[in-house]
Amino acid sequence: MSDPVAAPPPAAGADEQPMLQVRDLRVSYGAIEAVKGITFDVHRGQVVTLIGGNGAGKTTTLRTISGLLRAASGQVIFEGERIDRRPGHLILRKGIAQSPEGRRIFAQMTIRENLELGAFSRKDDGVEADIDHVYELFPVLGERRTQKAGTLSGGEQQMLAMGRAMMSRPRLLLLDEPSMGLSPIMMRKIFSTVRELRSTGTTILLVEQNAQAALSLADQGYVIETGKIVLSGPGRQLLDDEGVRKAYLGED
Amino acid sequence: MSQLLQQLVNGLVLGATYGLIALGYTMVYGIIQLINFAHGEIYMLGAFGGLTMWKALPTGLQTKNYIALPLVLLAGIVTSTVVAVLMERWAYRPLRGAPRLAPLITAIGVSVFLQEAVRVFYPGAKGPLAFPALFTGKSITIGGVEVKYLSIFVVALAVALMIALQAFVRTSSTGRAMRATAQDPDTAALMGIDINRIIVITFALGGVLAGVAGVLTGMQYGAIDVHIGYIAGLKAFTAAVLGGIGNITGAMLGGFLIGIIEALGTQYLPQGSAYKDAYAFVVLILVLVFRPTGLLGESVAARA
């Protein structure tokens with residue numbers, strides 16, 4: 001059973017092959033199939049968002065791309081190479097980093113140590129400069145660099161999780177619900193950071209429940225319901241879609 | 001007074017060995033939440049590895065302590081480390097993700113297997129085997145307390161290794177990866193950390209320390225047998241729990257405390273020496289009742 005998913009419309013870099021191709025991906029937890037054959041593309045330089053409610057399969061999809069979960073079938077292709085059988089630590093080395101759902105910072109380590117862990121796989125000597133860059137982007141992290149990360153507020157922890165993911169200099173950044181549980185002010189800060197990252201050339205796959213914010217900055221959006229993509233299109237277009245407005249933007 | 005000091009010294013020496021073994025329990029628990037009940041056998045095999053090396057030395061070198069001691073220590077370390085790494089690979093890795101009871105029972109099985117394998121196949125191991133002292137038997141008297149040079153060597157080596165381990169875990173990139181894996185293995189993998197490699201390194205480090213402890217035990221008592229790992233392993237496990245399982249500083253502290261409690265109990269309690277193996281377990285019961293997280297441990301909820 002295949003969903004009638006339209007091919008992604010022309011966008012930045014659409015003339016080349018997509019950076020990330022997910023093809024008919026299925027993922028199960030025991031007998032329960034959480035992702036039921038989804039297909040989508042992420043083109044270089046784009047922000048692509050997956051939106052949908054709780055339990056739709058968004059996080060499962062990201063964790064499978066990152067190699068933390070194994071696909072039951074289907075393919076994940078990154079820069080022309082299949083990566084769905086690789087262990088997680090090698091996928092990071094390919095150039096995909098993830099800021100996970102719930103931030104998952106290392107609470108008992110200092111902010112600086114968290115950032116150093118983000119650069120764990122790097123051997124070059126640019127790490128120090130990149131840590132300084134994160135401190136510039138999020139001054140609060142710089143001010144508190146020697147404190148335990150667990151003492152940060154939720155929003156600050158999200159900044160740290162994103163900064164940590166950027167420390168590996170990923171070409172594709174996966175962001176899983178970066179706005180979860182944040183105040184509106186903090187949420188704006190996080191989304192403006194996502195825009196800033198895109199402007200520096202990082203490709204972003206963003207999973208969100210906050211459909212309004214995600215779609216308004218996404219080049220391409222996919223709506224997931226119970227493990228399947230039910231709708232796709234440019235972010236602005238989905239934002240105006242009546243079904244999306246009813247289901248995800250709280251309109252009657 | 002000097003009797004008390006004497007027993008405190010004895011306790012420190014005992015505790016140095018317990019602490020070295022306890023570090024292996026606590027590090028493995030910290031990374032994969034497994035109580036490796038075969039860790040005592042890693043220590044026992046370290047002693048046998050050291051003894052094998054000594055027997056293999058030409059007679060002329062056996063009495064040259066400055067050559068024999070480093071070689072015997074090295075052989076003990078290598079034996080224990082290899083056993084620890086193979087144990088992880090063959091016994092525990094296939095059970096990754098299985099319910100926690102499965103690896104625990106496997107650990108007990110591995111423990112019995114290794115004891116019996118050595119007893120049956122190692123020449124003369126059906127009884128105790130003499131172990132060389134590898135250290136000249138002089139002693140010095142400090143404040144009325146007689147302290148053997150060997151005792152000073154044992155405590156100094158143990159403390160040096162503990163400090164080196166702490167420095168490694170706190171400051172090296174691999175040490176940072178170990179701590180990250182202990183806190184959250186999935187997220188550690190997202191950082192590009194190879195979890196399997198970290199687990200192997202953890203078992204290996206525990207093996208190094210247990211190997212040293214095995215050789216030091218043989219040197220102090222002048223004899224080893226296949227059962228030394230059983231009681232020492234249980235006491236070291238108690239030390240790890242007392243310090244707070246998963247906590248490296250706690251394991252050292254717990255080791256020294258258990259050693260001192262045992263030495264003092266043997267001296268001052270009626271018929272104390274008859275119960276010398278029981279004190280650690282009285283402590284274990286008290287810890288589990290009154291402070292199950294141990295002296296330096298956090299609550300399990302804080303880890304999750």
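1. A crossing of two helices is left-handed if the near helix is turned anticlockwise from the far one by less than a right angle, and right-handed if clockwise. By this convention, helix 3 of chain A and helix 6 of chain A cross in a right-handed sense. Contact, meaning heavy atoms within 4.5 Å, is made here by Ile111(A), Asn114(A), Leu115(A) and Gly118(A) of helix 3 with Leu160(A), Gly163(A) and Arg164(A) of helix 6. These residues comprise three nonpolar, three polar and one charged, where Ala, Val, Leu, Ile, Met, Phe, Trp, Tyr, Cys and Pro count as nonpolar, Asp, Glu, Lys and Arg as charged, and the others, Gly among them, as polar.

2. This is a predicted model, in which local features need pLDDT of at least 70 and side-chain atom pairs count only at pLDDT 80 or more, while totals for chains, interfaces and linings use all residues. Residues are numbered from 1 along each chain as its sequence is written, chains are lettered from A and ligands numbered from 1 in the order in which they are written, and side-chain values use heavy atoms, with hydrogens and water left out.

3. The axes of helix 3 (residues 111-118) and helix 6 (residues 154-166) of chain A come within 7 Å and cross at roughly 35°. Axes are lines fitted to C-alpha atoms, for helices over the stretch in contact, and angles run from 0 to 180 degrees between N-to-C directions. Helices (H or I, at least four residues) and strands (E, at least two) are DSSP runs, numbered from the N terminus.

4. In chain B, the axes of helix 1 (residues 2-32) and helix 2 (residues 39-56) approach within 9 Å and cross at roughly 130°. The two helices are therefore oblique to each other; angles under 35 degrees count as roughly parallel, over 145 as roughly antiparallel, 65 to 115 as roughly perpendicular and the rest as oblique. Helix 1 of chain B passes helix 2 of chain B in a right-handed crossing. On the helix 1 side the contact involves Thr17(B), Ile21(B), Gly24(B) and Tyr25(B), which meet His39(B), Gly40(B) and Tyr43(B) of helix 2. Three of the contact residues are nonpolar, four are polar and none is charged.

5. Helix 4 (residues 65-92) and helix 9 of chain B have axes that come within 7 Å and cross at roughly 140°. Helix 4 of chain B and helix 9 of chain B are therefore oblique, and their crossing is right-handed. Residues of helix 4 in this contact include Leu69(B), Gly76(B) and Tyr92(B), and those of helix 9 include Ile199(B), Gly207(B) and Met219(B). By class, the contact has 16 nonpolar, five polar and two charged residues.
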